[in-house]
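Subject: Handing over the structure

Hi,

Here is the structure I promised to pass on to you. Please open it next to this email, and I will walk you through what turned up.

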Amino acid sequence: MKFGIVKERKSPPDRRVVFTPEELVRLQSEHPDAIVKVETSDIRVFTDEEYANLGIDVVTDLSDCDVLFGVKEIPIEALIPNKKYFFFSHTIKKQPYNRKLLQAVLTKNIELYDHETIVDSNYKRLIGFGRYAGIVGAYNGFRGFGIKYDLFNLPKAETLKSQEDLLVRLKRQTLPNLKIVVTGFGKVGMGVKEMLDGMKIKEVTVADFLSKNYSSPVYTQIDVLDYNKRLDGKVIDNKDFYKNPQEYTSDFERFSKVADIYMAGHFHGNGAPDIVTNEMLKAPDCKIKVVADVSCDVAGPVACTLKASTIADPFFGYLPSENKEVPYTHPGSIMVMSVDNLPCELPKDASEGFGEMFMKHVIPAFFNGDKDGILQRAKMTEKGKLTERFAYLQDYVDEK
């Protein structure tokens, strides 16, 4: 089995990689039959020399490889026909901007495995950069607060080397007695929590967060039934919410009245009610000053997320009274951070974590006959057609 690591070609450049040099050495050690090649790249966070120095073959042509690994979408012209590819295709939600990419994958008889489709037998995702999105998103939230109130000026995360560097900078700052509310208990939400705990910010219960005052910063991490309520007033369980989201409405306003910073790390399912409405944000008693929307669903459940911001220009202002974007210096604005590719700011840490997950959950499937069905479930295309699990994409593919 020949594996190839492709050069990332999407613009803006992405410095992440599926496997670090050390992880590829481990792969070859654990699977002596594996041959690994790395396409030369001048943007990758690990240099060609770092791979070559560990005995990894660095090449300009991967056409003799069986399986090719990338992070972002592969440009259509760079796709090699009749190969197996792993990358984030951003097609499984029928994203219009990548329709031609999926059409090309089918035309070129490529077996596509999207990193998002790699799931266990309960269809829980196994691979992703979510933790690092949460880590960088939390840092950016505090950076935004410091800029908004001229309290401190943290360097951009992309100029620092590691999560530990981010924490060192954060712990140097003196914070007022902020209240921070975090949504989400998945990889993103737990990445945010990791940073708050690393800063030694005290976690408090929902009841205490809503009712008590504190002399130092505190946070609470809330689940779906903390910020949603049934229309009929019944309290059932999380399963009922996921099964019948149309029976619920947001109950987030009780948090927007007391929280200074909102860090959004939730997954928002189809049909679920909006979480933060414009009405909540323009209410006279709304206290939210900064929203770090790590989940970044544009025009989605968080009213102030009007757009995806960028690493180069991460902050913008949201004026609730007019429901529009304004400069974040506007005195009536809420500062919003909604960068949609946050892990790119911490490429080394993110690549190390991603490679560890890939080695644990995916690589063994190539050598054990896929006994756990990892590859079979993840496979989107085969022999020029969509697989059964992804047949719902047929109308998307058929559109011109």
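Which residue stands opposite Ile261 in strand 13? That residue is Val290.

Before the rest, a word on where this comes from. This is a predicted model, in which local features need pLDDT of at least 70 and side-chain atom pairs count only at pLDDT 80 or more, while totals for chains, interfaces and linings use all residues. Residues are numbered from 1 along each chain as its sequence is written, and side-chain values use heavy atoms, with hydrogens and water left out.

Strand 13 covers residues 290-293, and four bridges join it to strand 12, the two running parallel. Helices (H or I, at least four residues) and strands (E, at least two) are DSSP runs, numbered from the N terminus. Two strands pair if DSSP finds at least two bridges between them. Tyr262 also has its bridge partner in strand 13, namely Val291.

Strand 12 (residues 261-264) is joined to strand 7 (residues 179-183) as well, again by four bridges and in parallel. There, Val182 is the bridge partner of Met263. From strand 12, Ile261 and Met263 point one way, Tyr262 and Ala264 point the other, and all are buried. Buried means under 20% relative accessible area, exposed means over 50%, and partly exposed is in between (1.4 Å probe, protein chains only).

These strands belong to an open sheet of eight, in the order 8-9-7-12-13-16-14-15, with mixed pairing. At its edges stand strand 8 (202-203) and strand 15 (324-326); each has a single partner strand, so one side of each is left without a neighbour in the sheet. Helix 6 (residues 187-198) packs on this sheet and touches strand 7, strand 8, strand 9 (218-222) and strand 12. Its direction makes about 160° with that of strand 9; contact here means heavy atoms within 4.5 Å. Axes are lines fitted to C-alpha atoms, for helices over the stretch in contact, and angles run from 0 to 180 degrees between N-to-C directions.

Strand 9 is worth a look of its own. Five of its five residues are buried, so strand 9 is largely enclosed by the rest of the structure. Val218, Thr220 and Ile222 point one way from it, and Tyr219 and Gln221 the other way. Strand 9 runs parallel to strand 7, with five bridges between them, and parallel to strand 8, with two. Val218 has Lys179 opposite it and also Lys202.

Four bridges join strand 5 to strand 6 in parallel, and Tyr85 stands opposite Leu112 in strand 6.

Lys83 sits in the loop between strand 4 (67-69) and strand 5 (84-87). The side chain of Lys83 does reach the backbone oxygen of Ser63, at 2.6 Å.

Arg143, in helix 4 (residues 130-148), is likewise buried without a salt bridge, and the nearest side chain of opposite charge, Glu345, is 6.5 Å away.

Backbone details

A cis peptide bond joins Ser11 and Pro12, with omega about 0°; Pro12 is in the loop between strand 1 and helix 1. Asn109 has a positive phi, near 55°, though it is a residue other than glycine, and it is partly exposed at 34% relative accessible area. Lys200 is not a glycine either and has a positive phi of about 65°; Lys200 is exposed, at 70%.

Enjoy exploring!

Technical notes:
Polar contact = N/O pair within 3.5 Å; in protein donor to acceptor, adjacent residues only side chain to side chain. Lys, Arg positive; Asp, Glu negative; His and termini not counted. Salt bridge = Lys/Arg side-chain N within 4 Å of Asp/Glu carboxyl O.
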